[in-house]
Amino acid sequence: WQRADSSTNLTSVTPVKLTDPAATSDGELGYGGVTVTPDGLILAAPASEADGSGSSLVWERADLSTSLDSVTPVKLTDPNGAAGITWVVRALPCLLMASCL
């Protein structure tokens, strides 16, 4: 669901479905939870594939009037080549909120 501000009731808005444009049918998007910045402009979700590889998809919009489903996500992978989803779930809050200093 996307809403203009926190006072808008979620029952009054239409849900938006975000997908991984490069995913296979057995991939998992959002496994482990998603992270949204306080201003609502960036959303990041871990993505896992059947082969055990992991990545993160990040949607960034210019303003709240831009729907997240109209933005092409950026795919992040571990630069050290780590497989799996664990590093992604741990890294998302740090990447977006700088909360792991």
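Reader: Why is V58 called buried?
Author: Buried means under 20% relative accessible area, exposed over 50%, and partly exposed in between, with a 1.4 Å probe and protein chains only. V58 has 15% relative accessibility, so V58 counts as buried. This is a predicted model: local features need pLDDT of at least 70, side-chain atom pairs count only at pLDDT 80 or more, and totals for chains, interfaces and linings use all residues. Residues are numbered from 1 along each chain as its sequence is written, and side-chain values use heavy atoms, with hydrogens and water left out.

Reader: Which residues does V58 touch, not counting residues up to four places away in sequence?
Author: Contact means heavy atoms within 4.5 Å. On that basis V58 touches I42, L43, A44, P73, V74 and L76.

Reader: What makes a set of residues a nonpolar core, and which residues form the largest?
Author: The term covers buried Ala, Val, Leu, Ile, Met, Phe, Trp, Tyr and Cys residues joined through side-chain atoms within 4.5 Å. The largest such core has 6 residues: L43, A45, L57, W59, L68 and V71. Strand 3 (42–48) and strand 4 each supply at least two of its residues.

Reader: Where is V58 found?
Author: V58 is in strand 4, residues 54–60. A strand is a DSSP run of E with at least two residues, a helix a run of H or I with at least four, numbered from the N terminus. The protein has 1 helix and 5 strands, in the order β-β-β-β-β-α.
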